[in-house]
Amino acid sequence: MWLNDTIGFVPKNSWAIDPFGYSPTMAYLLRRMGFENMLIQRTHYELKKELAWNKNLEYIWRQSWDAEETTDIFVHMMPFYSYDIPHTCGPEPAICCQFDFARTHGFSYEFCPWGKHPVETTQENVQERALKLLDQYRKKSTLYRTNTLLVPLGDDFRYVSVEEAEAQFRNYQMMFDYINSNPSLNTEAKFGTLDDYFQTLREEADRINYSLPREIGSGQVVGFPSLSGDFFTYADRQQDYWSGYYVSRPFFKAVDRVLEQTLRASEMLMAFLLGYCQRAQCEKLPTGYAYKLTAARRNLALFQHHDGVTGTAKDHVVLDYGTRMHTSLQDLQIFMSKAIEVLLGIRQEKSDQTPAQFDPEQMRSKYDALPVHRTISVREGTVQSVVLFNPLEQTREEIVMVVVNTPEVTVLDSNWTCVQSQVSPELQHDKSKIFTGRHRVHWKASVPALGLQTYYITNGFVGCEKAKLAKLKFFSNLSTIQCPAPYACSKVEGDVVEIESRHQTLTFDVKHGLLQKVIQKKGPQNVVAEEMGLYSSSGGAYLFLPDGDAQPIVQSGGHLVISEGPLMQEVYSYPKTEWDKTPISHSTRIYNGGNTIQEFLIEKEYHVDLLGRDFNDRELIVRYKTDVDNKRIFYSDLNGFQMSRRETYDKIPLQGNYYPMPSLAFMQGSNGQRFSVHSRQSLGAASLKEGWLEIMLDRRLVRDDGRGLGQGVMDNRVMNVVFHILLESNISSTSNPVSNPHPLVPSLLSHCVGAHLNYPLHAFIAKKPQEISVQTQLRSFSPLAAPFPCDLHIVSFKVPRPSKYSQQQLGDPRFVLMLHRRNWDSSYCWKARSQCTSVADEPVNLFNMFKGLAVLNARATSLNLLHEDTDILGYREQFGDVAQEGRVNIPPMEIQTYKLELRPHQ
């Protein structure tokens with residue numbers, strides 16, 4: 001969009017030579033943006049060899065679910081080790097390097113490491129030089145099907161001066177002139193763009209059919225094979241697998257996702273502010289924050305760089321990324337605090353300069369600090385408002401938590417009706433002082449889809465029961481734990497301790513503080529033996545190079561604190577390890593609350609502190625050893641969008657069996673038993689033995705691993721990693737993971753768990769308490785006419801150009817709605833467990849989606865909002881017809897985008 005607005009250019013070719021492995025999600029998104037071709041480079045060297053052998057380096061990339069060729073996109077894979085000039089003219093780098101004319105005296109680039117250096121092309125040597133270059137071109141061309149050959153000419157940090165560009169151009173033009181003037185060479189050589197290459201190739205493919213016998217091709221471009229799947233894990237030579245970056249700098253991988261979901265929530269609030277606004281006065285707040293929203297989009301986009309979110313940048317660059325994301329998070333939270341006042345009817349004609357009456361419930365003191373909960377001070381006789389925003393498209397029933405300074409509290413809903421609540425002591429990861437002296441209040445909230453709901457925390461409200469005190473149990477060999485007032489405490493008896501909710505019972509080994517077993521009330525019991533370990537390793541930011549298997553670190557005799565209440569039960573473990581300051585402590589929580597998703601999951605929170613020289617060249621994992629007979633096959637997601645099947649092979653090293661886990665990994669047994677781990681940040685995962693799922697949490701490496709970073713990864717930050725674990729049994733026949741090469745898909749409940757974890761409720765606390773005697777009126781906001789079907793997700797609802805909102809032509813749609821239909825496995829129970837009322841088999845009507853807002857002028861568009869001719873995007877026919885009826889019918893897995901205009905009902 002920026003390119004189009006700024007220089008009027010709409011790209012259709014993708015150039016991605018440096019990401020480490022590739023995801024088919026990118027191919028899907030590009031296709032639906034109107035792109036036609038892709039170029040990629042970093043894929044496993046053995047795979048390049050295999051594809052080159054059959055002349056399949058150019059192929060059609062098709063999505064695994066697509067039976068109708070609607071997602072096909074043409075791909076050129078570069079054939080050799082690197083994208084630099086020694087590895088692009090042909091198969092012999094020592095020769096190709098002689099044709100990199102910037103590696104001569106007068107330029108600052110290193111000379112050719114093979115000993116033969118470039119020489120200036122002259123009339124005397126042009127024949128010998130040109131034929132030598134052409135020989136490389138010919139050899140390279142045998143790896144591809146067509147007579148059109150692409151030879152890139154460049155490298156990192158090149159073309160910094162006109163002289164350098166001139167040196168390359170002058171020499172090559174001379175050789176091209178020689179080649180082109182000799183018909184016997186049968187070659188035409190010329191400079192061109194990537195688009196020139198793809199156009200020439202497609203014209204040739206139209207004339208000549210290069211298909212092989214019995215090959216499954218595509219109607220998109222005839223003559224090439226179609227492939228599905230992804231290109232992880234990348235190896236560039238020997239046993240150097242690039243699986244380390246899945247986990248490098250995990251703190252910032254987490255911040256990335258917090259910024260992403262905060263930006264999405266802010267864009268929704270801005271769309272509602274402008275949609276419900278009818279005069280210039282109420283446009284001031286959203287348009288005043290437009291530039292900060294744009295900056296947040298850019299800071300998030302910048303971090304998606306292949307050396308950003310990957311954790312492979314230098315320390316000072318990480319600091320810059322982190323500071324940018326932190327600044328944007330602060331800006332967005334201030335905007336949201338003011339926006340909720342407008343939508344609740346509190347902030348009327350104030351300017352956007354007036355300070356907000358609310359603070360975000362969580363705050364970050366600096367760019368690399370963990371968020372902390374703001375303490376709500378509740379004096380007797382006062383009431384504190386808590387406003388919750390639900391960024392999801394279904395009504396949300398959820399156990400929520402805030403931190404208070406006194407256990408003497410009562411929770412009320414927006415009608416001032418009593419709400420059941422529990423209070424428990426707040427814990428911290430410090431064995432000398434486990435209790436902070438503050439208290440956690442839990443209650444069950446209900447928040448409308450995309451809406452706001454207010455709750456009140458009071459002290460001294462007559463007529464309601466106070467929050468129920470949790471019962472505490474301790475086990476400690478290290479030192480005695482003081483019982484915090486006013487709780488009742490007891491000692492744990494025996495070697496095993498249990499916590500239970502309505503649906504499940506969890507068993508723990510007391511001496512080690514580790515989970516052992518999960519018993520489903522209406523189903524099987526599962527062994528889930530938790531283990532924490534450290535790899536010794538010699539890799540760096542990119543490479544995982546373990547020296548043998550991970551060694552368990554938890555010894556007998558740590559601290560254990562068990563809190564049991566009506567809504568939340570928790571086992572907190574500060575384990576004993578050989579180090580005085582343990583690198584990991586953890587909490588396991590289960591919840592009770594009718595109609596909540598949380599009833600069915602197990603929440604694990606790991607506090608990771610891999611700081612100090614004791615942990616140099618160590619990589620920390622958590623491992624779940626289950627009794628699921630998965631045959632070392634598991635499934636991990638790609639970009640939170642689709643799943644990929646992962647099988648562990650003995651023929652490749654341990655590090656090659658590690659795979660990216662952006663948000664979900666699951667194993668499935670022969671009887672349909674599923675064990676899923678949802679994560680709210682990207683990490684790496686493996687299933688190295690039957691029934692095992694391990695996830696790496698952090699890594700600290702002293703050395704550089706020779707891939708261009710020039711340093712180790714020693715800037716670890718203290719962080720919390722949260723998983724939601726789900727055990728499911730299917731209720732109808734299921735596919736066998738061993739024989740089925742296609743990826744399995746999550747259940748509907750699993751999708752809901754992932755959405756709740758990655759799009760949490762946003763909580764805001766009033767800055768000033770009120771007197772109980774002043775009971776304010778009902779405060780809520782519920783914009784949807786009805787909740788969406790459970791498998792229909794709003795990817796974004798926003799105003800793409802907020803700063804130009806008031807200048808846009810009337811009738812030109814200024815809002816965008818992007819919808820994704822999730823694909824789910826119907827052999828798992830969905831109605832009862834996910835509290836789903838409907839799924840998107842029936843069309844959804846855009847025209848009556850919102851309360852109080854008319855949707856006008858709806859138009860289908862591409863994902864980048866630039867193409868309204870939807871035929872070029874590959875969608876099936878009915879997508880473009882939305883303007884007449886407003887009916888939206890999305891096939892599973894598709895993402896569709898609509899431009900709309902919104903007006904308040906008169």
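A: Start with Cys-829, which counts as partly exposed because its relative accessibility is 25%. Buried means under 20% relative accessible area, exposed over 50%, and partly exposed in between (1.4 Å probe, protein chains only). The model is predicted: local features need pLDDT of at least 70 and side-chain atom pairs pLDDT 80 or more, while totals for chains, interfaces and linings use all residues. Residues are numbered from 1 along each chain as its sequence is written, and side-chain values use heavy atoms, with hydrogens and water left out.

Q: How many disulfides does the structure hold, and what pattern do they follow?
A: There are six disulfides. With bonded cysteines counted along the chain, the pattern is 1-2, 3-4, 5-6, 7-8, 9-10, 11-12. Cys-752 is in no disulfide; its nearest cysteine sulfur, in Cys-836, is 4.9 Å away. Cys-752 is buried, at 12% relative accessible area.

Q: Which cysteine is joined to Cys-790, and where do the two lie?
A: The partner of Cys-790 is Cys-836, at an S to S distance of 2.0 Å. Helices (H or I, at least four residues) and strands (E, at least two) are DSSP runs, numbered from the N terminus. Cys-790 and Cys-836 are both buried.

Q: What is the handedness of the disulfide between Cys-89 and Cys-96?
A: The torsion about the S-S bond of Cys-89 and Cys-96 is about -85 degrees, so this disulfide is left-handed. The two sulfur atoms are 2.0 Å apart, and both residues are buried.

Q: Where do Cys-418 and Cys-464 lie?
A: A disulfide joins Cys-418 to Cys-464, with S to S 1.9 Å. Cys-418 is in strand 13 (residues 418-419), and Cys-464 is in the loop between strand 16 (452-458) and strand 17 (468-469), so the pair links distant parts of the chain, 46 residues apart. The S-S torsion of Cys-418 and Cys-464 is about -85 degrees, which makes the disulfide left-handed. Cys-418 is partly exposed, at 41% relative accessible area, whereas Cys-464 is buried, at 13%.

Q: Is His-439 buried or exposed, and which side chain does a polar contact join to that of His-439?
A: A polar contact is a pair of N or O atoms within 3.5 Å; within protein, one must be able to donate a hydrogen and the other to accept it, and residues adjacent in sequence count only if both atoms are side-chain atoms. His-439 lies in strand 15 (residues 435-447) and is buried, with a relative accessible area of 7%. The side chains of His-439 and Tyr-487 are joined by a polar contact of 2.8 Å. Contact in general means heavy atoms within 4.5 Å. Not counting residues up to four places away in sequence, His-439 touches residues including Val-402, Pro-425, Glu-426 and Ala-485.

Q: Is Ile-7 buried or exposed?
A: Ile-7 is exposed, with a relative accessible area of 60%, and lies in helix 1 (residues 2-7).

Conventions: A disulfide is a pair of cysteine sulfur atoms within 2.5 Å.
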